[in-house]
Amino acid sequence: MSTILVTGGAGYIGSHTCIELIRAGYDPVIFDNFSNSKPAVLARLNRITKRNIPFVAGDIRVKEQLEAVFDAYSIDAVINFAGLKAVGESVQKPLEYYDNNVNGARVLLSVMKERKCFNFVFSSSATVYGEPDSVPLTENSPVKRANSPYGQTKVDIEFMAEELQKAVPDFSMILLRYFNPVGAHDSGLIGEDPRGIPNNLMPYLTQVAVGKLPHLNIFGNDYPTPDGTCIRDYIHVVDLARGHVAALEHCMNRSGVHIYNLGTGIGYSVLDMVKAFSKAIGRELPYRFAPRRPGDVVQCYADPSKARNELGWSAQKNLDEMAADSYNWQKNNPNGYDN
Ligand code: NAD
Ligand code: UFG
């Protein structure tokens, strides 16, 4: 079976994807520098999968470290989750974001080219669509200049992959545009473990639910939406992980550029999320309305039909499962991973 190098595999989405890769018969090799994850995730993954998943500590910007992995394993494809992802931090530290994300992807692609490993799966984002002209978003919706350095690294890496594919046509560039990943594995053993006060809605909600934060601040209730709060396409991380497997199965060794939206196609408002979460925990979650957050798009949700038609993949888990699994993870691990 094929061996898949999972860079950033110790992180939130990467760890869930390793489980689904194993379930589908692939052999993942995790490569991570733990800049935003903890070694404890590896033992949890081994417990869930009853396997000893190979792990290599390293940084995708360091060519020799990547070459050592390609020397040690016969890698058939790479899924690149390794990246920094905090929108606000990227505004403060743009050079770090370009270096880690864009330069990291450049080094990784150069090693792949050298080693003739031509299957590249990239964690892109709906952020490449900017403020959408219309929803739902298809893969043909215009890609715009992003409104943060983080978002621009996604646009730039997509372009770099496309340009390289033109120059080296053997490459299969699989660009997956995630909508809003939430939820956790139903074992409660792995999940999202942000540092400090969470920036994103779901981890913030889970911390309110376990009493670590007093209430949710809802950023804006005067948007032109039915209840005045912003709309997003929240997708369960296990569905998202399965989307990677489906994309690999369809696109591996099929040269070209393959772009897919990974979302559910359903837009929920912030207040819908609060309701679903309150239902999952059996009591009302406290919230307050606060000013709009600069840079927020009003509504963003996918047309997921291309992935359904071509990959045979669609999201299966509903909002109640997303809320229940997020809460289960947080409840079992109030302080996230220990180390
Ligand atoms: P995460 O921070 O949990 O995982 C990223 C992993 O990459 C971490 O384990 C981190 O230690 C590692 N890493 C970072 N830089 C590295 C480097 N230079 N070398 C080696 N390892 C490195 O984030 P996530 O939520 O799992 O996101 C994974 C990818 O998906 C990221 O590229 C992110 O931008 C993208 N994405 C995430 C979301 C989201 O909402 N979570 C949405 C769209 C796209
Ligand atoms: N929100 C609140 N209160 C909070 C946190 C968020 O009201 O404490 C609201 C936001 O204003 C937004 C919605 O909840 O309306 C979702 O916010 P998130 O931060 O969870 O998600 P975003 O859609 O803003 O951002 C996500 C990723 C980014 C990525 C972007 C587009 O976090 O990395 O999707 O793909 F760039």
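Tutor: Start with helix α7, residues 201-209, where nine of the nine residues are buried, so the helix is largely enclosed by the rest of the structure. Keep in mind that this is a predicted model.

Student: What makes a residue of α7 count as buried?

Tutor: The cut-off is a relative accessible area under 20%. In α7, L201, M202, P203, Y204, L205, T206, Q207, V208 and A209 are buried.

Student: Which elements do the buried residues of α7 pack against?

Tutor: They pack against the strands β7 (180-182), β8 (216-219) and β10 (234-236), and against the helices α9 (270-281) and α11 (319-332). Just after α7, G211 has a positive phi of about 85 degrees.

Student: How do you know that the side chain of S90 makes a polar contact with V87?

Tutor: A polar atom of the S90 side chain lies 2.6 Å from the backbone oxygen of V87. The limit for a polar contact is 3.5 Å, and 2.6 Å is within it. Leaving out residues up to four places away in sequence, S90 touches Y97, S148, P149 and Y150.

Student: What is Q299 called, given its relative accessibility?

Tutor: The value for Q299 is 26%. Buried is under 20% and exposed is over 50%, with partly exposed in between, so Q299 counts as partly exposed.

Student: Where is Q299, and which residues does it touch?

Tutor: Q299 is in strand β14. With residues up to four places away in sequence not counted, it touches P132, V135, I231 and R232. The C-alpha atom of Q299 is 44 Å from that of A68, and the two residues are 231 residues apart along the chain.

Student: How do you know that β9 and β14 pair?

Tutor: Pairing takes at least two bridges. Two bridges join β9, residues 231-232, to β14, and these strands run parallel. I231 has Q299 as its bridge partner in β14.

Student: Why are β12 and β14 said to stand at the edges?

Tutor: The open sheet has three strands in the order β12-β9-β14, with mixed pairing. β12 (268-269) and β14 (299-300) each have a single partner strand, so one side of each is left without a neighbour in the sheet.

Student: What holds such strands together in general?

Tutor: Strands of a sheet pair through backbone hydrogen bonds, either parallel or antiparallel.

Student: How much of ligand 1 does the protein cover?

Tutor: On its own, ligand 1 has 820 Å² of accessible area, and the protein covers 95% of that. Elements giving two or more residues to the shell are α1 (12-23), β5 (119-125) and α6 (149-167). The largest share, three residues, comes from β5.

Key
Residues are numbered from 1 along each chain as its sequence is written. Chains are lettered from A and ligands numbered from 1 in the order in which they are written. This is a predicted model: local features need pLDDT of at least 70, side-chain atom pairs count only at pLDDT 80 or more; totals for chains, interfaces and linings use all residues. Side-chain values use heavy atoms; hydrogens and water are left out. Accessible areas come from the Shrake-Rupley method with a 1.4 Å probe; for residues, only the protein chains shown count as cover. Helices (H or I, at least four residues) and strands (E, at least two) are DSSP runs, numbered from the N terminus. Buried means under 20% relative accessible area, exposed over 50%, partly exposed in between (1.4 Å probe, protein chains only). Contact means heavy atoms within 4.5 Å. A polar contact is a pair of N or O atoms within 3.5 Å; within protein, one must be able to donate a hydrogen and the other to accept it, and residues adjacent in sequence count only if both atoms are side-chain atoms.
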